[in-house]
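I opened this model to look up a few things chain by chain. My notes follow in the order I made them.

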Amino acid sequence: MRTSTRALGWLAALALVIGLGAAFGYAPREAVQGNVQRIMYLHVPSILTAYLAFALVLLGSIGYLATRRAGWDRLAASAGELGVLFTGITIVTGSIWGKPTWGTWWTWDARLTSTAVLFLVYTGYLLLRGMVDEPERRGRYAAVVGIVGAANIPIVHFSVKWWRALHQPSTILGPEPSPIAAPIAAALLVNWVALTLLFVYFLARRIEIARLEDGARDA
Amino acid sequence: MTAYGRRALVVLWKDLLTERRSKESLNALFFFSLLLLFLFQFALGPDRERLQSALPGLLWLGFVLAGLLGLGRSFIAERDNDCWEGLLLTPGDKSAIYLGKLLANFILMTVVEVVLVFLFGVFYNVDLWSALGPLTVVLFLGTVGLSAVGTLFAAMTAQVRARELLFPVLLLPVQVPLLLATVSATQIVLGGQPLADAAAWLKLLVGADIVYLVIGLLTFEFILDA
Amino acid sequence: MMITAVGLGKSYGKTPVLDGVSLDVPAGSCLVLLGPNGAGKTTLLRIFATLVRPTAGALTVAGVDALRDPERVRAAIGMVAHGSYVYEDLTALENLRFWATMGGQDASEGRLRAALAQVELEAVADERARTFSSGMKRRIGLARVALGRPRLLLLDEPFTGLDRQGRKWLSEFLLAFKSGGGAVVLATHSFEGALGVADRIAILTGGRLALDQPAAELSREGLRRIYDDLTDSNGRTP
């Protein structure tokens, strides 16, 4: 592992510890939902990180089609894997949050549904990657799906939003002014930064491994 | 007529000619539509009202399922006859091939949809005729989106292992937003309301169709490439 | 020079299929690639056709850098290979019409029928290709490339499925093509056919070029001896 990656890992670990402290110590206990609401400090940063991952998939896909250099494809593949992981975390934490709050493990509300569709799209991306052996063709095909997947995100967002409205209105990414109290916002921000750092660390390590794998295969 | 247009049209001509000669896809899809009719009826039970209220969803479910079968076969002639490379070696913008295939698929899907609408109207005894104009608009927009992405993914999966499995896995998640839009719009239209009430959904469909068409035209050559 | 290849190599992962292949093909000449199965003839041919990207080396075809601008190369070549690009549900004429239009050429019926007559398929012009033998399908492929007026012909086992008359016809066709300024690269393991049309003979074994000589310097027996030396008697590399 490169020193810079190792340093990043330590930084991410530190940020996570701070984040945990903020989530459990600093942020107040929510009046109506109780302590289970604290899972939001993982749930929301998780989906934001997933969006970041999928943006990187798009970047890597376009980069690969434009230059045919394997580095771009490695970026797309690694970001894709992590994106699916964080989307999965979002869904699971959303489900855990939902059970005591709304009484069910799953609801077809706008946000959960959009996230689930996202999960399906990019799992398909990973499945496709797994089924094409030749690296050059794999990169090209995956890139096309990566681009379609990214274009799909806003379309899914709007279609599902209009279709259903059970979930709390989007207090972070929505156009209405945010009604969140300052300490909650601060804890959220800290955890978002921490999770992003963790993501970047994982991404760096995953790309390193991919580069080694490619090198071993071609040697 | 530009060379590009001629190439797109000759691909369309070839596919329509092949289909008219072999009638493989059309026959199977027609029969499949008939089967769906029975499947839906049996799955939902004899309650007429249940069926009628589920109608928009069933209609589009039928189209999408037929699309999975029909679109997945888009490039089967190229694969079976080993013509893939031949297409790759043709000079000029490869997106003409995509356009031709897309038009052929669109026509095929439209024929299947007309059949399905007719069958639904007759067998489920629902009035689809009075809203036929607005319904046609929704059908058109939904079919464009389905064909655009379906043709692109069909080209990709034609050369991949387990293509029958991968094609639906890739296509369906991308179809979800289109499905939400078309089913909602169909519901509005079949409820007797004017088309304008579904304006938001139609706008979404138009936007999505344009996005997918553009992506298809731009990225097809990368799927075809050696 | 129609083809200039320097140090071409192709590996799939760790498996090398071609290694260090360098050769030149001047316009108006025919290069025959001989070699046992698996020696890399087809791969080399496909690299010339820009269907396969080499993992090493440089290639110029018809004056164009094939690695940087494969599209322009494709406009100048015609390929007839194992999969002769024939749609079985279409007639011979319709197949030609399709490929001629795709190639941007004049696809008028008269011209297409004349091309079919050239390969002696005018009798079956309106029959579906499903009933054709592989030799007939190859001939459709030759008609197709003739329509395109390419500058370079790439042929993979063109003599298969042709009877004596067919071989004679093909040799004459290739001679006429060469005298028109075109170049031909032909991969085969048929000696008679090869010697009849070759200006240069190259032998590929194990992905490497083992021989590259003017055909005039080789007699049939000499070639056979060299070929057997380079590959053991079973046709495999030693």
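Entry 1, helix α2 of chain B. I work from a predicted model. I began with what covers the buried residues of α2(B): the list includes α1 (3-22), α3 (48-53), α4 (55-72) and α7 (95-123) of chain B. The helix itself runs over residues 24-44 and has 21 residues. I took the span from its first C-alpha to its last and got 30 Å, close to the 30 Å expected at 1.5 Å a residue.

Which residues of α2(B) are buried? I found S25(B), L29(B), F32(B), S33(B), L36(B), L37(B), F40(B) and L44(B) on that list. They cover an arc of only 155° around the axis, so they sit on the same side of α2(B). On the other side I noted F31(B) and F42(B), both exposed. After the helix comes G45(B), with a positive phi near 85°.

I looked up T18(B) in helix α1 of chain B. Buried or exposed? T18(B) counts as buried, because its relative accessibility is 13% and the cut-off for buried is under 20%. Leaving out residues up to four places away in sequence, I found that T18(B) touches K23(B), D89(C) and L90(C).

T136(B) is in helix α8 (residues 132-157) of chain B. Its relative accessible area is 44%, so I logged T136(B) as partly exposed. I also checked its C-alpha against that of V114(B), 22 residues apart along the chain.

I counted eight helices and 10 strands in chain C. How does its radius of gyration agree with that of a compact globule? A compact globule of 238 residues would have a value near 18 Å, and chain C has 18 Å, so the two agree. The C-alpha trace spans about 50 × 40 × 35 Å along its principal axes.

I then turned to burial and contacts. Of the 238 residues of chain C, 54% count as buried. Among contacts in chain C with a separation of 6 or more, 64% come from residues 24 or more positions apart. The accessible surface of chain C comes to about 10100 Å². Carbon and sulfur atoms hold 48% of that surface.

E120(C) is not a glycine, yet its phi is positive, about 60°. I placed E120(C) in the loop between α4 (109-118) and α5 (134-148) of chain C. At 47% relative accessibility, E120(C) counts as partly exposed.

E157(C) is another residue other than glycine with a positive phi, near 50°. E157(C) lies in the loop between β7 (152-156) and α6 (164-179) of chain C. E157(C) counts as buried, because its relative accessibility is 14%.

The mean pLDDT of chain A is 83, and 87% of its residues reach 70 or more. Which element of chain A has the lowest mean pLDDT? I found helix α1 (residues 3-26) of chain A, at 79. Helix α2 (residues 40-67) of chain A has the highest, at 93.

Over residues 165-178 of chain A, pLDDT stays under 50. The model has 18 contacts beyond four places in sequence for that stretch. Where pLDDT is low, predicted coordinates should not be read in detail.

Definitions and conventions:
Residues are numbered from 1 along each chain as its sequence is written. Chains are lettered from A and ligands numbered from 1 in the order in which they are written. This is a predicted model: local features need pLDDT of at least 70, side-chain atom pairs count only at pLDDT 80 or more; totals for chains, interfaces and linings use all residues. Side-chain values use heavy atoms; hydrogens and water are left out. Helices (H or I, at least four residues) and strands (E, at least two) are DSSP runs, numbered from the N terminus. The expected span of a helix is 1.5 Å times one less than its number of residues. Buried means under 20% relative accessible area, exposed over 50%, partly exposed in between (1.4 Å probe, protein chains only). The arc is that of the directions from the helix axis to the C-beta atoms. Contact means heavy atoms within 4.5 Å. The radius of gyration is taken over C-alpha atoms; the globule rule is 2.2 Å times the number of residues to the power 0.38. Accessible areas come from the Shrake-Rupley method with a 1.4 Å probe; for residues, only the protein chains shown count as cover. pLDDT is the predictor's confidence in each residue, from 0 to 100.
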